[in-house]
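Hi everyone, thanks for coming. Let me put the sequence and the structure up on the screen, and then we'll walk through a few spots together.

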Amino acid sequence: MADHHDGHHHHGAGAETAIRPLSVALVLIVAFMAVEVVLGVLAHSLALLSDAAHMLVDAAALAMSVWAARLALRPAGGRMTFGLRRAEILAAQANGITLLVLGVAIVVESLRRLGSPPDVRGPLVVATAVAGAAVNVLALWQVSRANRSNLNVEGSFRHLLTDLYAFAGTAVAGLVVWSTGFDRADPIASLLVAGSMLYAAWPLLRASGRILLEGAPEDLAPDEIAAALGGHTGVESVHDLHVWEISSGFPALSAHVLVGRGEDCHRIRRELEAVLHERFGIDHTTLQVEHTAQRLLWPKR
């Protein structure tokens, strides 16, 4: 574990509490996934196999979340001046991509099976799906104890939740096959599972992509911030304003501020920092404050 001397990094706290519950959930998921692949093959059930594929992504999500949470605890140093906070965002993005790819693969296979449905063993499917749902609930309960505001933990939570819906769908499909012999219920259920995977992938990819492209955090409007800074007494103009997110919940800002000739640069900088802290919740700021007079080009004699 990381040493506790870097306690002033308020953002490391989420990662620390996340490691244990995420690890427990990971062990549960991996163990059940292995069982499910075997049973899915025996039952000729694509719905079970797609649930297992979904669990594989869950396991990858959880493993990356644990790894990224551990990396995020490392103090900043050397070339990594922000530490390894972005590891969590990369993990969330990788999760989104794997969900997307597997979702598409399952859709393709489901459509093939709708054309020629194999002989599905209903009772086995139902039993496996119910057991899977129980394992998922345990894993969800573990993850919900971690810090959900962390994009990385939230990613794992979403994975598990969509997986739970998937198990419900599979159980229903198994019942239908069992009671009516309608084999196509199985690929139909796997299509629904794939849909839930694609639906979970999109917000993850959008949020992680925004952070990696240095976009402004969703709850902050750069125009509004520029107006607040520009409207401050003594400030003439604000330019080169950048607002971005290092990692989820860690916004940063830099700007160039010009103040009137007679104004006190340092006092205004402190006041602006207070405004950014109180109104926008931004603590990581770099403000370059100068007097306007220095910007004028004196006419050549």
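Let's start here: in which helix does Leu100 lie? Leu100 lies in H3, the helix of residues 86-115. Please keep in mind that this is a predicted model. Leu100 has a relative accessibility of 36%, so it counts as partly exposed. Together with Ile97 and Val101, Leu100 makes up a nonpolar surface patch, and the three share about 250 Å² of accessible area.

Now for the aromatic rings. Searching the whole structure turns up one aromatic pair. That pair is Phe32 with Phe167, arranged edge-to-face, at 6.2 Å centre to centre and with 75 degrees between the planes. Phe32 sits in helix H1 (residues 13-42) and Phe167 in helix H5 (residues 151-180), so to speak distant parts of the chain, 135 residues apart. Both Phe32 and Phe167 are buried.

Is E3 enclosed or open? Of its 10 residues, 10 are buried, so E3 is largely enclosed by the rest of the structure. Phe250, Ala252, Ser254, His256 and Leu258 point one way, while Pro251, Leu253, Ala255, Val257 and Val259 point the other way.

And the neighbours of E3? Strand E2 (residues 235-247) runs antiparallel to E3, joined by nine bridges, and His239 stands opposite His256. E2 and E3 form a hairpin with two residues between them, and Gly249 in the turn has a positive phi of about 80 degrees. With strand E4 (residues 284-291), E3 pairs in the parallel sense over eight bridges; here Ala252 has His284 as its bridge partner.

Note on methods. Residues numbered from 1 in each chain as written. Predicted model: local features only at pLDDT ≥ 70, side-chain atom pairs only at ≥ 80, totals over all residues. Heavy atoms only, no water. Patch = residues over 30% accessible without salt bridge, like charges linked within 9 Å, V, L, I, M, F, W, Y side chains within 5 Å. Areas by Shrake-Rupley, 256 points an atom, 1.4 Å probe, with all protein chains shown as cover. Salt bridge = Lys/Arg side-chain N within 4 Å of Asp/Glu carboxyl O. Helix = DSSP H or I, 4+ residues; strand = E, 2+ residues; numbered from the N terminus. Buried < 20%, exposed > 50% of the residue type's maximum accessible area, 1.4 Å probe, protein only. Phe/Tyr/Trp six-rings, centres within 6.5 Å; stacked < 30°, edge-to-face > 60°. Pairing = 2+ DSSP bridges.
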